[in-house]
Amino acid sequence: MPIAVITIVGRTLLALLFILAGAAKIAGPQPFLDHMAAHHIPGVLLPLVILLELSAGGAVLIGWQLPFAAGALALFCIATAIGFHLNLADKAERTLFVKDLAIAGALMVIAAGAART
């Protein structure tokens with residue numbers, strides 16, 4: 001399979017994570033607001049999160065402004081790991097923490113690769 005096809009498929013799979021998450025927050029925001037409140041994160045940030053997930057996710061999907069879009073999502077993933085998953089004594093939370101950092105790493109690779117071209 002050509003590298004270009006693999007790159008597009010990989011970007012698509014990664015972008016869908018954020019696009020679908022943003023759409024889910026629009027469809028039913030209350031569980032997300034409750035989760036944010038439980039972690040002392042202001043609910044007023046939810047519209048900004050939705051905007052970031054949809055716009056940067058869409059940009060990664062179509063390959064537009066990749067250094068900025070992927071970089072913004074990488075920072076978001078790091079913030080999410082720190083804001084929601086710092087209870088590292090809990091195995092599930094530890095897994096989510098590492099998963100968020102791994103996704104951030106993948107997004108950094110995309111951002112760096114796009115910045116080189």
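Glycine 10 is placed in helix H1; helices here are DSSP runs of H or I with at least four residues, strands are runs of E with at least two, and both are numbered from the N terminus. The model is predicted, so local features need pLDDT of at least 70 and side-chain atom pairs count only at pLDDT 80 or more, while totals for chains, interfaces and linings use all residues. Residues are numbered from 1 along each chain as its sequence is written, and side-chain values use heavy atoms, with hydrogens and water left out. The protein chain has 5 helices and 0 strands.

**Overall fold**

- Read from the N terminus, the elements of the protein chain follow the order α-α-α-α-α.
- The protein chain has a radius of gyration of 15 Å, close to the 13 Å that the globule rule gives for 117 residues, so it is as compact as a globular protein of that length. The radius is taken over C-alpha atoms, and the rule is 2.2 Å times the number of residues to the power 0.38.
- The C-alpha trace of the protein chain spans about 45 × 30 × 25 Å along its principal axes.
- Of the 117 residues in the protein chain, 32% are buried. Buried means under 20% relative accessible area, exposed means over 50%, and partly exposed lies in between, with a 1.4 Å probe and protein chains only.
- Among contacts in the protein chain with a separation of 6 or more, 62% join residues 24 or more positions apart. A contact means heavy atoms within 4.5 Å.

**Nonpolar cores**

- The largest nonpolar core has 21 residues, and those with the most contacts inside it are Phe18, Val60, Ala70, Leu73, Cys77, Ile103 and Leu107. Such a core is a set of buried Ala, Val, Leu, Ile, Met, Phe, Trp, Tyr and Cys residues joined through side-chain atoms within 4.5 Å.
- Two or more residues of this core come from each of helix H1 (3–27), helix H3 (46–62), helix H4 (66–84) and helix H5 (91–116).
- H4 gives the most to this core, namely 7 residues.
- Leaving out residues up to four places away in sequence, leucine 73 touches Phe18, Leu52, Ala56, Gly57, Val60 and Leu107.
- Another core, of 5 residues, lies apart from the largest one and includes Ile41, Leu46, Ile50 and Phe84.

**Largest pocket**

- The largest pocket holds about 600 Å³ of space. On a 1 Å grid over the protein atoms alone, a pocket is an open set of points where a 1.4 Å probe fits, with protein on both sides within 12 Å along at least five of seven lines; lining residues have an atom within 4 Å of a point. Grid points are joined across faces, edges and corners, and the volume is the space filled by probe spheres set on the points.
- The pocket is lined by 25 residues, of which Lys25, Glu53, Phe76, Thr80 and Phe84 are the closest to its centre.
- H1, helix H2 (30–38), H3, H4 and H5 each give two or more residues to the lining.
- H4 supplies the largest share of that lining, 6 residues.
- By class, the lining has 17 nonpolar, 4 polar and 4 charged residues. Ala, Val, Leu, Ile, Met, Phe, Trp, Tyr, Cys and Pro count as nonpolar, Asp, Glu, Lys and Arg as charged, and the others, Gly among them, as polar.

**Residues within helices**

- Glycine 10 counts as partly exposed, at 35% relative accessibility. Its C-alpha atom is separated by 9.3 Å from that of leucine 61, which is 51 residues away along the chain.
- Alanine 15 lies in helix H1 and is buried, with a relative accessible area of 1%. Not counting residues up to four places away in sequence, alanine 15 touches Gly57, Val60 and Leu61.
- Threonine 80 belongs to helix H4 and counts as buried at 17% relative accessibility. Apart from neighbours within four places in sequence, threonine 80 is in contact with His85 and Asp100.

**Loop residues with positive phi**

- Most residues other than glycine have a negative phi.
- Histidine 40, in the loop between H2 and H3, has a positive phi of about 60° although it is not a glycine. Histidine 40 counts as exposed, at 75% relative accessibility.
- Glutamine 65, in the loop between H3 and H4, has a positive phi of about 50° and is not a glycine. Glutamine 65 is partly exposed, with a relative accessible area of 38%.
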